[in-house]
Amino acid sequence: MIKTLDKRRPQVLIDVTLVEISKSDEFEYDLNLVESFPDMTHSSGLIRDFNEIVGKLISRNQDHFIDVQAKRGAGTGFYADKHVNVLLSAMQNKGYGRVLAKPKILVNDNEKGTIKTTEITYVKKTSSAPISTGAAGQTYTPIETAVSYDPYDAGITLDITPHISEGKLLRLELALTRSDFVKILGDKPPDTTSSDITTIVTVPDGSTIILGGMLKLKQDKGGTKVPLLGDIPLVGGLFRSTSTSDSQRKLYVFVKAEIIRPAETAVAGLPDLEKISERNRMAFEKHEAEFQGYQIWPGIKPKPVEPVKILETQ
């Protein structure tokens with residue numbers, strides 16, 4: 001009886017790949033226009049930032065000048081004479097990035113395993129006590145007595161419970177929770193947002209499943225304008241500043257489960273699961289190719305960033 005019951009419990013090797021792809025695109029345009037009647041010699045200094053222009057023109061015996069600058073991807077153009085000062089600035093900022101985590105855990109059959117990645121921020125907390133000051137003892141001044149830092153965390157938590165069926169089939173209970181910091185302002189506890197995925201799937205031994213749908217999109221459009229003048233068609237652009245931003249963060253979670261036990265039997269794969277996995281894999285590889293193909297300098301082929309293929313990383 002002891003020999004019959006004392007058998008090694010089957011285990012499941014869980015191989016998880018967490019990849020976050022980020023993409024951002026920001027554009028800013030601003031036009032600073034100053035016009036003086038009858039000319040700048042009568043009004044120089046009344047408008048800040050242009051109070052030295054007339055002096056420079058007179059000292060150099062010039063009636064106008066033009067400056068153009070390109071620095072760190074930002075373009076700036078400046079024109080000035082005794083009547084008009086114009087400052088034009090425009091900048092577009094693009095960025096691509098990826099974050100990879102590839103943990104592995106070994107879990108007994110019918111027992112839960114947890115994978116967690118956490119980002120921690122600390123918020124300063126102070127304590128103070130009133131101290132009596134003044135000869136009469138009527139004035140109390142708060143004095144800082146202690147300083148501590150309270151931790152706040154955000155990140156990804158993945159709970160996996162495998163159930164081994166006959167042959168080479170695995171039933172996986174998956175629960176994914178993702179939380180992110182929204183704003184961190186001074187001593188105030190940070191604002192957070194979270195999203196969850198819970199599912200139960202049955203897969204062949206050694207198969208990889210993809211958890212998708214963890215998309216975070218933030219888009220903004222804004223600007224300022226001069227009342228009435230900024231609403232004139234076409235010409236109104238001279239009296240406006242604009243800014244747009246587009247930020248995307250996509251999280252891909254690849255889960256591969258492999259049964260480890262003495263006796264194994266072959267089970268055919270599931271065509272539907274393979275189609276879904278292949279479709280998600282192609283979407284991920286498209287973003288991976290876009291990241292590797294991004295040109296830092298126009299016309300020069302970018303050097304691949306290691307690892308070139310994340311899913312082939314050993």
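Strand 11 contributes four residues to the lining of the largest pocket, the most of any element. Strands here are DSSP runs of E with at least two residues, helices are runs of H or I with at least four, and both are numbered from the N terminus. Before going further, please keep in mind that this is a predicted model, in which local features need pLDDT of at least 70 and side-chain atom pairs count only at pLDDT 80 or more, while totals for chains, interfaces and linings use all residues. Residue numbers start from 1 along each chain as its sequence is written, and side-chain values use heavy atoms, with hydrogens and water left out.

Let us step back to the whole chain. It has four helices and 11 strands. Of its 314 residues, 25% count as buried, meaning under 20% relative accessible area with a 1.4 Å probe and protein chains only (over 50% is exposed, in between is partly exposed). The chain exposes about 21200 Å², with 54% supplied by carbon and sulfur atoms; these areas come from the Shrake-Rupley method with a 1.4 Å probe. If you look at contacts between residues at least 6 apart in sequence, 67% of them join residues at least 24 apart, where contact means heavy atoms within 4.5 Å.

Now back to the open spaces. Rolling a probe the size of a water molecule over the atoms shows where empty space is left. On a 1 Å grid over the protein atoms alone, a pocket is an open set of points with protein on both sides within 12 Å along at least five of seven lines, a cavity is a set where a 1.4 Å probe fits but cannot get out, and lining residues have an atom within 4 Å of a point. Points are joined across faces, edges and corners, and a volume is the space filled by probe spheres set on them.

The largest pocket has a volume of about 340 Å³. Of its 14 lining residues, Asp15, Lys102, Thr208, Lys256 and Leu311 are the closest to the centre. Strand 1 (11–35) and strand 11 (240–260) each supply at least two residues of this lining. By type, the lining divides into four nonpolar, four polar and six charged residues (nonpolar: Ala, Val, Leu, Ile, Met, Phe, Trp, Tyr, Cys and Pro; charged: Asp, Glu, Lys and Arg; polar: the others, Gly among them).

The second largest pocket has a volume of about 270 Å³. It is lined by 17 residues, and Glu20, Thr117, Gly155, Ile156 and Arg249 are the closest to its centre. Among the elements that give two or more residues to this lining are strand 1, strand 7 (139–164) and strand 11. Here the lining holds eight nonpolar, four polar and five charged residues.

The count of cavities of 30 Å³ or more comes to one. Its lining consists of Lys183, Ile184, Leu185, Lys188, Pro189, Pro190 and Asp191.

The structure holds three aromatic pairs, counted when ring centres of Phe, Tyr or Trp (its six-membered ring) lie within 6.5 Å; planes under 30 degrees apart are stacked, over 60 edge-to-face and the rest tilted. The rings of Tyr252 and Phe284 have centres 5.5 Å apart and planes at 65°, so this pair is edge-to-face. Because Tyr252 lies in strand 11 and Phe284 in helix 4 (residues 271–292), the pair ties together parts 32 residues apart in sequence. Phe254 and Phe284 also pair edge-to-face, 5.1 Å centre to centre with 70° between the planes.
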